[in-house]
Structure formats: C-alpha cells, structure tokens
Amino acid sequence: MTIVRQNTLNPTVNPSVNSPENLAEKYTEAERMRDVLLLLQNLINSEEATVKLILDCLYDVGSVNLINQKLRLKPLNRVMKLIARVSKPVFRILALNWFKKNCPQLITNWLHTQVSFENTQKTPEQVAIEVVQLEPYSIPQRESLSQEIKNLRYQVRWLAGISIIAIAVLVIKATWLN
C-alpha cells in the first residue's frame, strides 16, 4: 500500500479563491445592485402613468410597422390597423404587467454589465459542419412542386378575400346595430 502525500506548502495560490477583501467587494456590489433593482421597481410603481404612455407610444409605432411589413394588401392592411387600435387596451394591461415583472431585472442586469467593465466579447465557438451534396429534384418532381405552390397561392388569395369580405360584413353589421 502506497501513501501519496500532497505538498501543503505549495507557493502558488489557486486563482479561483477570492481574498477576503475581494469577497467583501463582491458582497457590496451584489447588495448595491439589489438596491438598484428595488429603486427601479419603486420608480416603475410610482411612475405608472408614464410607463403606460411609453408603452402606448411603442405599441402605436410597433403595430403599424409590423402590419405594414407583414401585410401588403391595402384593404387587409387597413382592417388590421383598425383591429390593432381596438386591441390597444388589452395590450396595455398585458404589457404593463410584463413590464413591471421583467423590466426592473433586465435594466438592472444591463446596468450591471455597463459598470462591470469586463471584456464581454466572446469568441464564437467553432462548430464542425458536414456538407452533403444535394441532388436536385427531377423534372417531374419540380413540376409537381411548382403546381402545388400555385395551388397553395390560389388558396391563400381565396381565403384572404373571404376574410376581407367577412370582416367587412361584420363591420357593416356592427355599425348598423349601433
């Protein structure tokens, strides 16, 4: 039986071990960042009207930009903008709850990265990718795929038309009932 003894008089110190002074600084830093979080939560609660106005502005700009980007058809675009204006109160409630729950922590984390002065640039990991030679579709397969795409486009146009007509009928019916 062999006994191996480790040298306890190793002159090098493990770099992962923190000195008491460094630990105290880290504790103070964590405590101060907790204070920032509490102050942000307090700010959001006391300035709820301002937060609602900010969220309203962001919703107005974001909904119009998203609708303009996703829907090119003018009639459908207008109808969706009307629906977006009508759904704004629901968004306001959901967004305010999400904002109160998540934003203080997100802002605190972002501010902490700004004052930590650490090198945040990470080198991307290199991943080995195997390239497989793709074989093109045969001519009959291409033709059948092309025909299927044409059929799907036709169905999308047909459904969009039906949707526009249905929404228009609902709007006319709602205005007639009022």
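A crossing of two helices is called right-handed if the near helix is turned clockwise from the far one by less than a right angle, and left-handed if the turn is anticlockwise. In the predicted model described here, helix H2 passes helix H4 in a right-handed crossing. The two helices, H2 and H4, pack at an angle of about 120 degrees, and their axes lie 10 Å apart. Because angles of 65 to 115 degrees count as roughly perpendicular and those over 145 as roughly antiparallel, H2 is classed as oblique to H4. On the H2 side, the residues involved are Glu-48, Val-51, Lys-52, Leu-55, Asp-56, Tyr-59 and Asp-60, which meet Lys-88, Phe-91, Arg-92, Ala-95, Leu-96, Phe-99 and Lys-100 of H4. By class, this contact of H2 with H4 comprises 7 nonpolar and 7 charged residues, with no polar residues.

Within H1, the residues Met-33, Leu-37, Leu-40 and Ile-44 are buried. An α-helix has 3.6 residues a turn, so residues three or four places apart point the same way. The buried residues of H1 pack against both H2 (48-70) and H4 (88-116).

Overall, the protein contains 5 helices and 0 strands, and its elements follow the pattern α-α-α-α-α along the sequence. Of the 178 residues in the protein, 12% are buried. Among contacts between residues at least 6 apart in sequence, 73% join residues at least 24 apart.

Methods:
Residues are numbered from 1 along each chain as its sequence is written. This is a predicted model: local features need pLDDT of at least 70, side-chain atom pairs count only at pLDDT 80 or more; totals for chains, interfaces and linings use all residues. Side-chain values use heavy atoms; hydrogens and water are left out. Buried means under 20% relative accessible area, exposed over 50%, partly exposed in between (1.4 Å probe, protein chains only). Helices (H or I, at least four residues) and strands (E, at least two) are DSSP runs, numbered from the N terminus. Contact means heavy atoms within 4.5 Å. Axes are lines fitted to C-alpha atoms, for helices over the stretch in contact, and angles run from 0 to 180 degrees between N-to-C directions. Angles under 35 degrees count as roughly parallel, over 145 as roughly antiparallel, 65 to 115 as roughly perpendicular and the rest as oblique. Ala, Val, Leu, Ile, Met, Phe, Trp, Tyr, Cys and Pro count as nonpolar, Asp, Glu, Lys and Arg as charged, and the others, Gly among them, as polar.
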